[in-house]
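Open the model in your viewer and keep the selection tool at hand. The tour below goes from one selection to the next.

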Amino acid sequence: MDIFQSIILGIVQGLTEFIPVSSSGHLELLPKVLSFNEPSTEYIIFLHFGTLVALVIYFRKKILSLIKSSINYLKGNRDSIVKSDINLIKLLVIATIPAGIIGLILENTIENFYDSSANSTVAALLTIIPLIVVGVFFLFTDKLFKNSTKDLESLNVNKSLTIGFAQALALIRGVSRSGITLISGQALGLSRVAAAEFGFLMSIPIVTATSLLSIYTIISGKLELSSNDTLIYIVGFLSAFISGFLAIKFLLSFLKKNGLRVFGIYRIIIGLILLIVIF
């Protein structure tokens with residue numbers, strides 16, 4: 001992989017991580033279409049670290065508020081606690097559990113499947129199918145969830161756990177973490193913006209864990225990188241960070257007035273084009 005390819009893949013990761021069109025699906029299929037060298041799973045996870053930093057910076061005020069409330073809660077300073085923050089923290093922890101457990105159990109199996117050259121054709125097909133299927137579902141979300149207008153305070157344990165299990169489906173490339181949490185959140189009564197915000201906050205622990213694991217692998221020497229490889233990783237990280245920050249800002253603004261239909265159309269068109277190009 002050269003620097004140009006890393007820039008392109010970083011931009012694609014940053015945009016598609018938060019816009020509900022599946023970042024893993026694009027990163028799985030784009031190299032095949034553009035004849036790029038296949039990016040390693042470690043490189044893809046490092047791109048996720050770039051979008052994680054974008055996420056943390058964008059939601060820094062909310063995250064700092066959650067941390068402050070947590071510290072005051074542990075210290076017993078009840079008067080300084082924002083009750084809605086403590087409740088949100090509990091619900092985020094609960095929602096993170098399903099994807100965390102399922103990820104630990106199946107992550108290596110899934111990565112080996114997608115990374116194996118022997119499975120490339122099947123992996124591409126199994127990425128395109130959910131890309132299209134979820135896209136079709138997006139076409140009808142405005143009608144299905146027209147009464148979904150509640151904010152995050154309406155969430156409870158059962159609803160958070162349901163969204164958490166839905167997030168686990170994003171382990172299948174082509175599904176989209178942001179897309180599936182948007183759908184499940186709205187199905188449970190949340191507004192589009194509230195569902196998106198909860199999905200973004202919920203993804204932080206999972207992406208943090210996978211990113212730290214990737215960095216540990218690099219630092220510990222398990223993944224040998226030349227000076228050129230290191231530059232490629234850094235360029236990809238920066239591209240993913242910048243495009244990711246812009247994508248978050250765009251999506252939250254877009255969802256205030258618009259539904260998911262346009263993303264559904266995009267997913268279907270891209271999926272059909274990929275079917276023609278790859279097969």
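The crossing of α2 and α12 is left-handed, a term for a near helix turned anticlockwise from the far one by less than a right angle (clockwise is right-handed). This is a predicted model, in which local features need pLDDT of at least 70 and side-chain atom pairs count only at pLDDT 80 or more, while totals for chains, interfaces and linings use all residues. Residues are numbered from 1 along each chain as its sequence is written, and side-chain values use heavy atoms, without hydrogens and water.

Select residues 23-34 for helix α2 and residues 261-278 for helix α12. Helices here are DSSP runs of H or I with at least four residues, numbered from the N terminus. The two pack at an angle of about 40°, with axes 11 Å apart; the axes are lines fitted to C-alpha atoms over the stretch in contact, and angles run from 0 to 180 degrees between N-to-C directions. That angle makes α2 oblique to α12 (under 35 degrees is roughly parallel, over 145 roughly antiparallel, 65 to 115 roughly perpendicular, the rest oblique).

Next, show the side chains of His26, Leu29, Lys32 and Val33 in α2, which meet Tyr266, Leu274, Val277 and Ile278 in α12 (contact means heavy atoms within 4.5 Å).

Now select Phe18, Tyr58, Phe59, Phe200 and Phe245, a cluster linked by ring pairs (centres within 6.5 Å; planes under 30 degrees apart are stacked, over 60 edge-to-face, the rest tilted). The whole structure has eleven aromatic pairs. In one of them, phenylalanine 18 and phenylalanine 200 have ring centres 5.3 Å apart and planes at 90°, so the pair is edge-to-face. Phenylalanine 18 lies in helix α1 and phenylalanine 200 in helix α10, 182 residues apart.

Key: Phe/Tyr/Trp six-rings, centres within 6.5 Å; stacked < 30°, edge-to-face > 60°.
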